[in-house]
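Take a look at the model below. We will walk through how its parts pack together, then stop at a few residues.

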Amino acid sequence: MRRKNFIEIISFFLRICLGFVFIFAAVGKINNPDVFYKEISNYRIFPDFISQIIAIVLPWIEVFIGLLLVLGLRVKTTSFISTILIFFFTIMVASAWIRGLNINCGCFSGHIEYVGLKKILENVLLILFGIFLFYFPNSFLSLEFFLKKEIQKDFSKSEVS
């Protein structure tokens, strides 16, 4: 029983951390889409029109993922999607670093953080958070847990009647 409680507490902590990372990352990008577009363009990976689409769409995806994680809704699915996104971000950062580009990673628009090993290691840590949440998505402090409990309670009442 204690192991289960420990895992649920760790799951809660990681879910909140990862959720807030995504929300915090998105806010600066939503407020400054032009700056984020330039940061994406600095990677020299995508054509301009793709970079423009990414600059507009990606921050809203990040907000949505962050909110779902913080609220504890669809944690398994959301952690999988967040892990895939961070994996691709890590590949982009590593690619820029290997090519010798001294650019801001664009992770938190308005906050200068250059591509390099430190950023890659931070992303690997976030990937590990996502993997843990994928395998242990349940947390007693999640909206989904509460909703399941309420549905079960309502179902039990209807069986008794």
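The axes of helix 1 and helix 4 come within 12 Å and cross at roughly 50°. Helices here are DSSP runs of H or I with at least four residues, while strands are runs of E with at least two, all numbered from the N terminus. Axes are lines fitted to C-alpha atoms, for helices over the stretch in contact, and angles run from 0 to 180 degrees between N-to-C directions. Helix 1 is therefore oblique to helix 4. Angles under 35 degrees count as roughly parallel, over 145 as roughly antiparallel, 65 to 115 as roughly perpendicular, and the rest as oblique. The crossing of helix 1 with helix 4 is left-handed. That term applies if the near helix is turned anticlockwise from the far one by less than a right angle; clockwise would be right-handed.

Which residues of helix 1 and helix 4 meet? Arg15, Leu18 and Phe22 come from helix 1, and Val75, Ser82, Leu85 and Ile86 from helix 4. Contact means heavy atoms within 4.5 Å. The residues of this contact divide into five nonpolar, one polar and one charged. Ala, Val, Leu, Ile, Met, Phe, Trp, Tyr, Cys and Pro count as nonpolar, Asp, Glu, Lys and Arg as charged, and the others, Gly among them, as polar.

This is a predicted model, in which local features need pLDDT of at least 70 and side-chain atom pairs count only at pLDDT 80 or more, while totals for chains, interfaces and linings use all residues. Residues are numbered from 1 along each chain as its sequence is written, and side-chain values use heavy atoms, with hydrogens and water left out.

Now the whole chain. It has six helices and zero strands. Its C-alpha atoms fill a box of roughly 65 × 30 × 20 Å, taken along the principal axes. Of its 161 residues, 39% count as buried. Buried means under 20% relative accessible area, exposed over 50%, and partly exposed in between, with a 1.4 Å probe and protein chains only. Among contacts with a separation of 6 or more, 71% join residues 24 or more positions apart.

Next, turn to another helix pair. Helix 1 (residues 2-31) packs against helix 3 (residues 48-71) at an angle of about 155°, with the axes 7 Å apart. So helix 1 is roughly antiparallel to helix 3. Their crossing is left-handed. The residues of this contact divide into 16 nonpolar, two polar and three charged. Among those that meet are Phe22 and Lys29 in helix 1, and Trp60 and Glu62 in helix 3.

Stay with Lys29. This residue of helix 1 has a relative accessibility of 3%, so Lys29 counts as buried. Its side chain makes a polar contact with the side chain of Glu62, at 3.0 Å. A polar contact is a pair of N or O atoms within 3.5 Å; within protein, one must be able to donate a hydrogen and the other to accept it, and residues adjacent in sequence count only if both atoms are side-chain atoms. Lys29 and Glu62 are 33 residues apart in sequence, and 9.9 Å apart from C-alpha to C-alpha.

Gly28 is also found in helix 1. Is Gly28 buried or exposed? Gly28 is buried, because its relative accessible area is 14%. Gly28 and Gly110 lie 82 residues apart in sequence, yet 6.4 Å apart in space, C-alpha to C-alpha.

Finish at Thr78, in helix 4 (residues 75-98). Its relative accessible area is 3%, so Thr78 is buried. Leaving aside neighbours within four places in sequence, Thr78 is in contact with Ile65, Leu68, Leu69 and Leu73.
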